[in-house]
Amino acid sequence: MANDPIQQFQIVEIFSFGEIGGMEFAMTNSSVFMIAAVAVISGFLMGATRGRTLVPTRAQSVAELLYSFIANTVRSTTGTEGMKFFPFIFTLFLFVLTCNLLGMFPYFFTVTSHLVVTFALAMAVMTMVLVVGFARHGVRFLELFVPHGVPKPILPFITLIEVISFLSRPISLSLRLFGNMLAGHIVLKVFAGFVVTMGAAGVVGAVGGVLPFAMTVILTAFEFLIAGLQAFVFTVLTCVYLNDALHPHH
Amino acid sequence: MAETTQTAGEAAQAAAESGSAFPPFDASTFPSQLLWLAITFGLLYYLMSRFIAPRIGGIIEDRRDRVANDLAEAERLKTETDEAIAAYEQALAEAKAKAHGIAQDTRDKINADLEAKRAEVDAELAEKTQAAEARIDEVRAAAMAEVGTIAGDAAEAVVTKIIGSAKRADIDKAVSTALDGR
């Protein structure tokens, strides 16, 4: 039933590859939209830059703008050393952004509305941070948890707080994106559902249905903002965490 | 109210079908999602790091280089132009000075020439004047010399008319005295 606000998050199996070790691997609607996101991103960016023109075409300027935007974010947050990780961060940003925006199409599935996906992305970021941190600084990377200039008596507590804060990063990073996408789509669906419900309730209801309809319009615009903003927040926080790995002495 | 219960009922039904109340927490879908996320994200990362990012970065860098080159070229051309202008101005100043010199020389030469000619004419005139004056003096002297004789002749004629005879020597003496006394 279209009126169920949760139904849009349902994973629908298209065909199964079978079970491996008790886990079922299948082609699902989620997979389709992940593939679609990759196709849209690479198709657009490759197509837009095919001309490699000195004076960019419209599409090429969009591609260049996206590139410069993330490149500037990475450079200003992590310094020039961070530019080594630019392809990863750019991929992350575009993947999250495109999945968020694809989810704005009616009947389209929102890949980022599933915690397992956002958590996997967050864990990929944290793994990268840990690997880079230990690879560049070795054990001294742990100094990240021991801030300078803190009085000796409270240093253990501060260190404990720093460790907890570090460990909660993947959770907050993934929950923020997941929660925003999930809640936004539910609210949108609920208000859109009101329009149908009230329309079915006769003339008075149909007139009153204008209110939730207006709300749906406003929320749709708001959701587009959220889609872009959350992708950017995810990217900026990734840069901030990466900066910790590159320069742990703060 | 009826709608709500129906909705809730169908949600429960959908949940029952998938084996969990809430799709995002349905662990049975996790392996597929993680697998496809790894595949698609990995593929996108590969495309990004191998093709897309280098290409866009290259385009932007090419443009920056081109702009920098063009600016440098413009700077070079500007310097060249400035040099050419300076050289031109110098040549112009030199030419002006030269022209001034030539004009001055010509003027000096003409002046000298004029001066020489004028001196020549002056000398000639002075010479002529001198000759004329000499001639005048000569004539006057001659005239003055005649004056006594003429006066004597006139006096002799007058005296002869009055007294019938005259002594030429006395008359000349008287005339000479009168002339001297004047």
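Helices (H or I, at least four residues) and strands (E, at least two) are DSSP runs, numbered from the N terminus. By that rule, chain A has 7 helices and 2 strands. Along the sequence, their pattern is β-β-α-α-α-α-α-α-α. The model is predicted: local features need pLDDT of at least 70, side-chain atom pairs count only at pLDDT 80 or more, and totals for chains, interfaces and linings use all residues. Residues are numbered from 1 along each chain as its sequence is written, chains are lettered from A and ligands numbered from 1 in the order in which they are written, and side-chain values use heavy atoms, leaving out hydrogens and water.

**Overall dimensions**
- Taken along the principal axes, the C-alpha atoms of chain A fill a box of roughly 70 × 55 × 45 Å.

**Loops with positive phi**
- A:R52 lies in the loop between α1 and α2 (58-78) of chain A. Its phi is near 45 degrees, a positive value in a residue other than glycine.
- A:Y107 lies in the loop between α3 and α4 (115-137) of chain A. A:Y107 is not a glycine, yet its phi is positive, at about 70 degrees.

**Packing of α1 and α3**
- Two packed helices are described by the angle between their axes and the distance between the axes.
- In chain A, helix α1 (residues 29-48) and helix α3 (residues 86-102) pack at an angle of about 120 degrees, with axes 9 Å apart. Axes are lines fitted to C-alpha atoms, for helices over the stretch in contact, and angles run from 0 to 180 degrees between N-to-C directions.
- Contact means heavy atoms within 4.5 Å. Residues of α1(A) including A:F33, A:M34 and A:L45 meet residues of α3(A), among them A:F90, A:L94 and A:L102.
- By class, this contact of α1(A) with α3(A) has 13 nonpolar, 1 polar and no charged residues. Ala, Val, Leu, Ile, Met, Phe, Trp, Tyr, Cys and Pro count as nonpolar, Asp, Glu, Lys and Arg as charged, and the others, Gly among them, as polar.

**Salt bridges**
- The structure holds 12 salt bridges over all chains. A salt bridge is a side-chain nitrogen of Lys or Arg within 4 Å of a carboxyl oxygen of Asp or Glu.
- One of them joins A:D244 to A:R169, with the closest N and O atoms 2.7 Å apart.
- This pair links distant parts of the chain, 75 residues apart: A:D244 sits in helix α7 (residues 210-246) of chain A, and A:R169 in helix α5 (residues 155-199) of chain A.
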